[in-house]
Amino acid sequence: LKEKCGIITFASFETVRAKFKLRGLALDLDLASFGHGVLEIELMVDSPERIYEAEQQISQIAKEIGVQPLSGSQGGKLETYIRR
């Protein structure tokens, strides 16, 4: 299909995902084969009114486990792969 459509590979890496639960929050840890890691912390809410509370819980867990949001100079897996 790649050849037929003229698709060219510009990035190739593997990702291993581990999923965890911590105090009702979902934590998804992605580790890329080139050494980059990304942790997503999520909490589903049932109404817009609960978004602020969820954000506070996410921030608290992130602080406790020692992680910080991605900054402008950091990025997701593909963006980081391309920058290298």
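The largest nonpolar core here is made up of five residues: Leu-25, Leu-27, Ile-41, Ile-61 and Ala-62. A nonpolar core, in this setting, is a set of buried Ala, Val, Leu, Ile, Met, Phe, Trp, Tyr and Cys residues joined through side-chain atoms within 4.5 Å. Buried means under 20% relative accessible area, exposed means over 50%, and partly exposed is whatever lies in between (1.4 Å probe, protein chains only). Helices (H or I, at least four residues) and strands (E, at least two) are DSSP runs, numbered from the N terminus.

A word on where the numbers come from. The model is predicted, so local features need pLDDT of at least 70 and side-chain atom pairs count only at pLDDT 80 or more, while totals for chains, interfaces and linings use all residues. Residues are numbered from 1 along each chain as its sequence is written, and side-chain values use heavy atoms, with hydrogens and water left out.

Stepping back to the whole protein, there are three helices and three strands, and from the N terminus on they run α-β-β-β-α-α. The radius of gyration of the protein (taken over C-alpha atoms) is 17 Å. That is well over the 12 Å that the globule rule gives for 84 residues, so the protein is more spread out than a compact globule. The globule rule itself is 2.2 Å times the number of residues to the power 0.38. Along its principal axes, the C-alpha trace spans about 50 × 25 × 25 Å. Buried residues account for 19% of the 84 residues.

Now for the strands. E1 (15-22) and E2 run antiparallel and are joined by eight bridges; strands count as paired if DSSP finds at least two bridges between them. Phe-20 has Leu-27 of E2 as its bridge partner, and Leu-27 also belongs to the nonpolar core. The hairpin of E1 and E2 has two residues between the strands, and there Arg-23 takes a positive phi near 50°. On to E3 (37-42): six bridges join E2 to E3, again antiparallel, with Ala-26 partnered by Glu-42 in E3. Four residues lie between the strands in this second hairpin, where Gly-35 takes a positive phi near 100°. E2 is mostly covered, with six of its eight residues buried.

H2 has 15 residues and reaches 21 Å from its first C-alpha to its last, close to the 21 Å expected at 1.5 Å a residue (the expected span is 1.5 Å times one less than the number of residues). Its buried residues are Ala-54, Ile-61 and Ala-62. They cover an arc of only 100° around the axis, which puts them on the same side of H2; the arc is that of the directions from the helix axis to the C-beta atoms. What covers them includes E1, E2 and E3. Leaving out residues up to four places away in sequence, Ala-62 touches Ile-41 and Val-67, where contact means heavy atoms within 4.5 Å. The face turned away from the buried side carries exposed Tyr-52 and Lys-63. Just after H2, Gly-66 takes a positive phi of about 80°.

Finally, Ser-12 is found in the loop between helix H1 (2-5) and E1. Ser-12 is exposed, with a relative accessible area of 57%.
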